[in-house]
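Let's take a friendly walk through this model together, from its charged surface to its salt bridges and its backbone. Keep the sequence at hand as you read.

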Amino acid sequence: MEEFHKVRRLPPYVFEQVNRLKASARSRGADIIDLGMGNPDLPTPKAIVDKLCEVVRDPRTHRYSSSRGIPGLRRAQANYYGRRFGVKLDPDTQVVATLGSKEGFANMAQAITAPGDVILCPNPTYPIHAFGFIMSGGVIRSLQVEPDDGFIPALERGIRHSIPKPLALILNYPSNPTAQVASLDFYKEVVAFAKKNDIIILSDLAYSEIYFDGNPPPSVLQVPGAIDVAVEFTSMSKTFSMPGWRMGFAVGNQRLISALTRVKSYLDYGAFTPIQVAAAHALNGDGADIAEVRDIYHKRRDVMVDAFSRAGWIVPAPAASMFAWAPIPEPFKHLRSLEFSKLLIEHADVAVAPGVGFGEHGDDHVRIALVENEHRIRQAARNIKRFLASSAKQPNNVVPLAAHR
């Protein structure tokens, strides 16, 4: 039978190929060091778990919750933005709780996209940024550009060569997967451009608290007047090590938040109330939990960069996020990212995310997630060192995929 229309618009999920190979290797007894999926391994702080356990004992909290988030949670998020960014938000009209930033992004696409609407989107980027709109009938115009002097000219080309005129621009800094960070001056230019051209800005700020250079990444909403055109998405998954809790937010422009809230009201009843109460407790904390998580990722980053370098694989040190964006070593560049990722599983017992899964312009890189402890990261480096040394002895510097260890 013919595939359904929306399913037909989605390409095969690249990461599933790696996942199958990873599962097969583990079934044979291989100890795979998984640096592929961005799935935080750190436990949720005890105080947050304790608050959940306290609230869940109250049977009144077991009923349906509010789709847009309980008032205390929305106030906590608004207060967080005030402390962290100096941005004043109305928790009743400019904040909505989401089931993680991914759900928020996908449902915002549902809320604002008409068939054929053009969206300007970075490439490479996190898949939902593009496919949320593709599933909603939109058309993606890719921007292969960094947050530098070339960004505005790329936007101008996107406007000039798009029919109809683009509806929205997607930003994601610190970036997943590239770990690039944007400055406040960059955001000022982009906001001015968006206002001039009547374009919506959708900013994914999921990694705002995972930074390593002492300079906290800014919010686009810090730009005066940005709230006229922008909505920003955040997540508690990485900041508080709460990935399975599925708690995030969209904040910003009242009209856009209202549209998202209306769509969500038809689709879900919101997160379990005890989760929302515990999330509010986390946001109202003193920031010590955030600093501890940041410090752990900082140490892992330094260990990874040093150990991989000693192994013969030079990986640029990311300034932020829980990822490193690593160029494929020269002898393997011709294989591209998926085949190289398969080789690492087969011959080094290390899993990474192929860059092509984030867009065709990412195919010369892989993403390395800092989701294993320092000992395991060093072990991954030793495995990779042996793999690189053995591959140098093979014809054309490639280990055949079918070969056995």
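Where is D148 found? D148 sits in the loop between β4 (139-143) and α7 (151-160); helices (H or I, at least four residues) and strands (E, at least two) are DSSP runs, numbered from the N terminus. Before we go on, please note that this is a predicted model, in which local features need pLDDT of at least 70 and side-chain atom pairs count only at pLDDT 80 or more, while totals for chains, interfaces and linings use all residues. Residues are numbered from 1 along each chain as its sequence is written, and side-chain values use heavy atoms, with hydrogens and water left out.

D148 counts as partly exposed because its relative accessibility is 40%; buried means under 20% relative accessible area, exposed over 50%, and partly exposed in between (1.4 Å probe, protein chains only). Together with E146, D149 and E189, D148 forms a negative surface patch. Patches are made of residues with over 30% relative accessible area and no salt bridge, with like charges joined within 9 Å. Asp and Glu count as negative, and the place of a charge is taken as CG of Asp or CD of Glu.

Next come the salt bridges. The structure holds 19 salt bridges, each a side-chain nitrogen of Lys or Arg within 4 Å of a carboxyl oxygen of Asp or Glu. One of them pairs D31 with R376, whose closest N and O atoms are 2.8 Å apart. This pair links distant parts of the chain, 345 residues apart: D31 is in the loop between α2 (14-27) and β1 (33-34), and R376 is in helix α14 (residues 374-391). D31 is partly exposed at 46% relative accessibility, whereas R376 is buried at 18%. E372 joins D31 and R376 in a network of salt bridges.

K264 belongs to helix α10 (residues 254-267) and E103 to helix α5 (residues 100-112), so the pair ties together parts that are 161 residues apart in sequence. Both K264 and E103 are buried.

K195 makes a salt bridge with D228, with 3.0 Å between the closest N and O atoms. Because K195 lies in helix α8 (residues 184-197) and D228 in the loop between β6 (200-204) and β7 (230-235), the pair ties together parts that are 33 residues apart in sequence. K195 is partly exposed, with a relative accessible area of 38%.

How many disulfides are there? The count comes to zero, a disulfide being a pair of cysteine sulfur atoms within 2.5 Å. Among the cysteines, C53 is partly exposed at 31% relative accessibility, while C121 is buried at 1%.

Finally, let's look at the backbone. The peptide bond from I163 to P164 is cis, with omega near 0°, and P164 lies in the loop between α7 and β5 (168-172). Another cis peptide bond joins Y173 and P174, with omega about -5°. P174 is in the loop between β5 and α8, and A179 is placed in the loop between β5 and α8 as well. A179 has a positive phi, near 70°, although the residue is not glycine, and A179 is buried with a relative accessible area of 7%. S321, also a residue other than glycine, has a positive phi near 80°. S321 lies in the loop between α12 (288-311) and β9 (323-327) and is buried at 0% relative accessibility.

Terms used. Patches are made of residues with over 30% relative accessible area and no salt bridge: like charges are joined within 9 Å, nonpolar side chains (Val, Leu, Ile, Met, Phe, Trp, Tyr) within 5 Å. Accessible areas come from the Shrake-Rupley method with a 1.4 Å probe; for residues, only the protein chains shown count as cover.
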